[in-house]
Each structure stands twice: as C-alpha cells, then as structure tokens.
Amino acid sequence: MSNEKDPNDPPDEDARNPAENGDGVPPDEEDPRSDPDVDEQSVPDGERPDEPPASAGSDSDPDRPDPSDDGFRTPDVTVDDGEESGDDVEWEENGESSANGKSNDEDPWDDGIDIDDEVDIDDETTPDGSEDGIEGPVDDGGIDELGSTVEVEGAEVEEDPDEDDLLGGLKIDDTSAIEIPDRLVDQVIGQEHARDVIIKAAKQRRHVMMIGSPGTGKSMLAKAMSELLPKEELQDVLVYHNPDDGNKPKVRTVPAGKGDQIVDAHKEEARKRNQMRSLLMWIIVAVVLAYALIIVGQILIGIIAAGVVYLVFRYLNRGSDAMIPNLLVNNGDTKTAPFRDSTGAHAGALLGDVRHDPFQSGGMETPSHDRVEAGAIHKANKGVLFIDEINTLDVRSQQHLMTAIQEGEFSITGQSERSSGAMVQTEPVPTDFVMIAAGNLDAMENMHPALRSRIKGYGYEVYMEDTIEDTPDMRRKYVRFIAQEVAKDGRLPEFTAEAVEEVILEAKRRSGRKGQLTLEMRNLGGMVRVAGDIARGEDAELTTREHVLAAKGRSRSIEQQLADDFIERRKDYELQVSDGYVVGRVNGLAVMGEDSGIMLPVMAEVAPSQGPGEVIATGQLKEMAQESVSNVSAIIKKFSDENISEMDIHIQFVQAGQQGVDGDSASITVATAVISALENVGVDQSLAMTGSLSVRGDVLPVGGVTHKIEAAAKAGCTRVIIPAANEQDVMIEDEYEEMVEIIPVSHISEVLDIALEGEAEKDSLVARLKSITGSALKEQGVSKPSSPSPQ
C-alpha cells in the first residue's frame, strides 16, 4: 500500500495548525528563522541548499521571519519573468520525489515561488522616478522644493506687468503656449497653505482633515498626496481556508505581484489533481459498468454504482478547489501608492464584508474564505484613503475607522447580522493608510470627536480658502488653470488671450470682494467647459471672448434662472413697483444660493393693539432675520414720538417663498419701511437697498452686493443703496453700469435722507434720528469683515 496521503484528508494531530508548526514540521524542528534570538551562525548553510539567494534590494537578515510563510502548503513553482511552462512546475507529495528527481529536503517555510525580479522599494528613487523596473511618480526635484514656488512655464513673462493686465504679464496668443505640470500637486491653484501641508503630510505620512467650500480643490489635493507619498513596498493580501475553523480564514501578505502567481500555482495544482481524479474516475466507472454487464448481467445496478462513483469524485474535486486562496487585495499592477475615494461608501464597501451563502450545508456551500471581500480601508493599505463629507458616515463606521487608523489592521466580517457572513471573521488585514477627511464647515459638528482627535493628534487640520488675493502671479496661474482644464477635457479648443481675460474677470466677480479671485475652481471650470463646447459646436479653431460671454449666460445656476423668472413674473402681475412714492413699502434686495440676486419688497403697517404692542414679522423669517427685526425695533422705539407700546407693527416680506429669509441684510429695508409707516411719509420706489443695521443705526457690510445690484437693474430700479464698506466689492457687468446709480451709505439717517419724500418732513426726521442714534460712522472708521457671508 502506498504511503502517499491525500491532501484533502483531515490533518494529522501534529500538523493540525500549520501556521504554528511550520507546515507539518514537528514542534522540536521549528525553523530557526522564527526565533529572533537565533543568530545566523546557528543555522548551517547546508540545511537549506535550495533556498534562492536574496535579491539585491531585499533584506537578507536571517533573524527576520520569512514574510512569505503562511503556514499552508504551496505548490513548488518557479516563475521566470511572469511565464510558466510545464517543465518548470514541480509537485511535491509528502516526502516523495518529484517527477524530475528533485529532492524534497527543502526548507518547509519556503512558499515554493521564486520571483527573479522581486524588489525592495525604499524612499530613494532613480532619476527617472523608477526603481528595479517599477515606474514611479515623476520626480521634478523633490518634495521640499515644491512649496509655494511653482511658476507658470512655457510663456514669456514681463518683468513689471501692468496692474490692469489680466494675464499677469504673460505674452501669449492662446493657452496652447502654457506648459502643464506633470505632478498633480503642481496643478493646484491658490491653496498655497493647504498644498504645503499636504506635501509635509505626505513626506511624514500624516493624516489630514480639509474643511472648506465645495469645489476648492480638496479631492485634487488628496489625489496629489498619493503621488507624493514615500515609496513603500506594496503588498498583496491572500485569504486561505482554515482547516481548523472554516469561519476564521487565515490572512497572508506577500510582495505586490506575488499574489497572482501563488493563486495561479494553486489553480494549476488543483487542475492537475482534478485531471488525475477524472481519469481514475472514468477508469473505475468503466470497470463497474463492464463488471455489471459482463459478469453480473445487471446493467441497472452498474449504472447506479457508476453514478455513486461519479458523485464521490465530484465531491472530492470540490474539496480540492476549496483550497485555492482568495486574492483579497491585488497590487500587482499598481506602480504608485493606492488612492481610494470612499465618499458615501456604505459599511461593507468601507470596512470589508463577507457575502451571504444561501447554501450553508450539504456540500454545496462556498468556502468562507472565498466569500471575503476587501473594504476600501484594506485596498488603501500603503496609500491614501479619502472620504469627503466625513460627517455623513454613521457612528458605527466612524468607530471602526478609528480602530483601523489606530491599530493599522482590521479584521473583515459580515456587515449584516442576519447574513451567514456574520459568523465569519478573518485574521487582521493590514490597513496602514493615510487618512484624508474632508467636508464643509458643518462636517465638524457631526463628526465623531474621537475620530477627529485621531486625525488631529497624528496629522493636520486645514481650512480651504474660497478667495485669494488678486496678484499678477495668481493671474498667471489662472491662465494655467484654463490650460489645464482644456488639456484635461481633451475635446475643447484652446482659449485666446481675450477669452482668458474674460474668465479671469468672472473669477474676480465671483469672489465677491475687491482685490480677490475666487477659489471655487470647479464652478469656474464648468464655465470654461461650456465655453469650449460652444466653440466646438461652431467648429471654431479657438475659444474666443464671445464664446465665454455666451457661456456665462448658458451656465447660469438654478438659482439665477429662478431669480430671473421671478422678476419677469412680478412684472407681469405688477407686483414690482419701480416708480413713484409709496408709504411703508421698500424694495429690498436678497441673494438666492451663492451667485444670484433678487428684489424682495418689504411692507410695513402700524395698527392699534388690543393688548401690549408688539412687532409681528411674516415671511418665513429665520433666526438671523428675526434678530435683525429686533434690532430695528430698538431704534424705532427710541425714534418715535408716539407711544408704540399701544401699537402693533406688522412687517411683511412679500413673496419670500418656501426658503424664507435668512440673514440680516434687509435691516435697513425694514427700518425704512417701518419709519415710513409710522410717519406716513412715502418711499421712493425707483430705489432699492441692502445693508445690515446696528442698534445705534450704523449700516454694516453684507455679502452678494454685486448680484443684488444686478437684480435691481433687471427689475427696473435706477438707484441702489449699499453699505459704504461694500463699495469696493462692486464688480457688476458692463451692461448694468449705466442702468443704475450706486449710493454708498454709513448710517440709517443717510438712508432716510435719500429714500423718503418731502424735504421739510424728511429733514426733521433725519435730524431727530441723528440726535438719538449718534453721528454716522466715519468712512475711514468702517471695518469690513474679511469674508462677509451671503445674505
């Protein structure tokens, strides 16, 4: 009888835990490499004559445990340059010699796969950005040399450009003359501080949280970080069947590219064994049928016996296939650090999962290790895990994410408690990633405090600016931004110099502040693409200024389109008054969204009260708007000669809509309407106004003045009152400049002097208001917030 043992038989008592005993090696003969106290001299060289020499880039320290050992028997396969041939595959069968006579007295810790081109990746790279045949990110001089010194290249630049030169001194005919940087981090526009933090964090492998408005470059910086990370030895992750407990699969990490070869070797071994078993099965079936037909003469019994033999062999083949490992993470083709965007990912996609198996018994079940699925935290190992809107993750996922960050490894189990996968839990899988969390300002409110502490304690927090100072250097970078968008899209005509100037003008307008450029580059890039599409639709060779002007109209936001529609409808139904004088009615101005203005009439009426007098405001007022009405009521109480404690003051925001009114920019509008109603003095309806109001009557700056002025012009108003502090922020389109007169004011007395009719009565009211609220602010004394919020 042959002493050969079937690999599907239960393991012997001594070899039940191959991970501990070294794949069948008795405990007293453990490999000396597993003991760090054993030095190199204690292991004679002759005991491992067939061990391949260490590669030039690998660590040959004998005290280091063999990273390729997983405790499972692996086919002895020699792979040369990724190709296998039948002569190179050698099969071991428990001490028996292979077909070509090779001795089996080899190191049992060796996984049997010899990779000739195995590499050891460190932080140093060759001049072309690659090492040992693996291409890396383009190296343009090192991370430390980047910082904020990236300049626009490929075009001649004037030494002292004129301040009015929108191209910042660039001498170009179109954007084709601009060179596009190779590295993504060099393409980031404006976020100098954030980019410098990303560079430092990449070099030191630190976590980063970026908070800011949408479209300011958070995801672009995250992708750039994966290119800048120090080069690591990427790993493949394999999951093996555990013969002791099928619900606890074993995990093994190997160098990138080796996982595919191991799986192929196992598949080849299983295929050959299945072939041998199939041949043996058909021989037995033929013998059974022949015996039943010739000797016994009962063909039916022979067919039944042959069927039983067939089913037995099919079951054995399934057991052989179940021993093939599952390649959980495959980085064989990955040349740089992996980047995984898990924004909005559910728990299974983020943390890994185990598929449900409806056939859990009867020999039809799928092995548990074959049902394991890697999550983003495992696929991002040695790379970057990016999660935008981090506060949308449920608390449980955030807690597990904390564990993965802290421990650097995380086991995979079924995420559904009702699934059979919930019974499966693998050994810990590596999760050594750099975490980049992003979100808007509200992200910090709903973010798990412990997760934020993990990121802050081991990294950086960065606020993404939404505007930047308008300098010649930044204008040149905006020219490069347009060139980048054209190159990235691949289907747009190049932009002429005049078209680029118009885009930069729009960037100035969208900033909402004088001397600033917007950094909401995604929206600006959308307008660039629309302009290019218009030019391409006309078969134009270049995108011109006319195409950009057309794109500004076509790329209007939903809010802008709604605002224009509201204005037209109000004109049709005579809800909008733009001439004459009306008591208690003022044309206020507001913004919808971020880039659209609308005229919002405010009406006030005074009536006798049935009880204590009160101020009643309607129009879906939100918290800030209610506070502004309270501030106005303080001035009214002090200003009026009448006893308003016996009166009700009704304030209505006409057709404010379901969104309501949020913000205090209607403060001077409300004050003017109430004073007009109390004193029975008419208000000029060709006038519109916006501005916040202090309890002492000072007019404070607000946001969105440019869009509000344009809305007033569209509605037919000829004059607009704005806070004096906002005068420098006005950048209206040329078509509206001759349509409206802009009047800056610093005090409510100035507003009344301009808005009310009747010289004698008006002069008396203004004098009385000045005497009780104090003198108006000096123009030079008015302070302006660094970034007024839209109201």
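Burial was assigned from relative accessible area: buried means under 20%, exposed means over 50%, and partly exposed lies in between (1.4 Å probe, protein chains only). By this rule threonine 669, at 0% relative accessibility, counts as buried. The model is predicted, so local features need pLDDT of at least 70, side-chain atom pairs count only at pLDDT 80 or more, and totals for chains, interfaces and linings use all residues. Residues are numbered from 1 along each chain as its sequence is written, and side-chain values use heavy atoms, with hydrogens and water left out.

Threonine 669 sits in helix H17. Helices (H or I, at least four residues) and strands (E, at least two) are DSSP runs, numbered from the N terminus.

The nonpolar interior was examined next. A nonpolar core is a set of buried Ala, Val, Leu, Ile, Met, Phe, Trp, Tyr and Cys residues joined through side-chain atoms within 4.5 Å. The largest such core holds 34 residues. Ile668, Val674, Met689, Leu693, Ile721 and Val751 touch the most other members. Two or more residues come from each of strand S26 (596-608), helix H16 (623-639), strand S28 (647-653), helix H17 (667-679), strand S30 (687-689), strand S34 (741-745) and helix H20 (748-755). The most come from H17, which gives eight residues. In soluble globular proteins, nonpolar side chains tend to be buried together.

A salt bridge is a side-chain nitrogen of Lys or Arg within 4 Å of a carboxyl oxygen of Asp or Glu. The count comes to 26 salt bridges. Side chains of opposite charge can pair when their charged atoms come close.

Arginine 273 is buried at 17% relative accessibility. Glutamate 269 is also buried, at 6%. A second pair joins arginine 509 to glutamate 506 at 3.2 Å, N to O. Helix H12 (residues 497-511) carries both, three residues apart, about one turn of the helix. Arginine 509 and glutamate 506 are both buried.

Aspartate 684 forms a salt bridge with arginine 719, with the closest N and O atoms 2.6 Å apart. Aspartate 684 lies in strand S29 (residues 682-684) and arginine 719 in strand S33 (residues 719-723), so the pair ties together parts that are 35 residues apart in sequence. Aspartate 684 is buried, with a relative accessible area of 9%. Salt bridges that share partners also build one network from Glu502, Glu506, Arg509, Arg510, Arg545, Lys552, Glu710 and Glu733.

Patches are made of residues with over 30% relative accessible area and no salt bridge; like charges are joined within 9 Å, and nonpolar side chains (Val, Leu, Ile, Met, Phe, Trp, Tyr) within 5 Å. Accessible areas come from the Shrake-Rupley method with a 1.4 Å probe, and for residues only the protein chains shown count as cover. Lys and Arg count as positive and Asp and Glu as negative, while His and the chain ends are not counted. The place of a charge is NZ of Lys, CZ of Arg, CG of Asp or CD of Glu.

A patch of negative charge gathers Glu158, Glu159, Asp160, Asp162, Glu163 and Asp164. Glutamate 158 occupies the loop between strand S6 (156-157) and strand S7 (170-171). Its relative accessible area is 32%, hence partly exposed. A nonpolar surface patch covers about 1200 Å², and its members include Leu289, Tyr291, Ile304 and Val312. Helix H4 (258-296) and helix H5 (299-321) each give two or more residues to the nonpolar patch. Valine 312 belongs to helix H5 and is partly exposed at 45% relative accessibility.

Most residues other than glycine have a negative phi, and most peptide bonds are trans. Arginine 205 has a positive phi of about 55°. This arginine 205 lies in the loop between helix H2 (192-204) and strand S8 (207-212) and is buried at 19%. Glutamate 389 has a positive phi near 50°. The loop between strand S15 (384-387) and helix H8 (395-407) holds glutamate 389, which is partly exposed at 25%.
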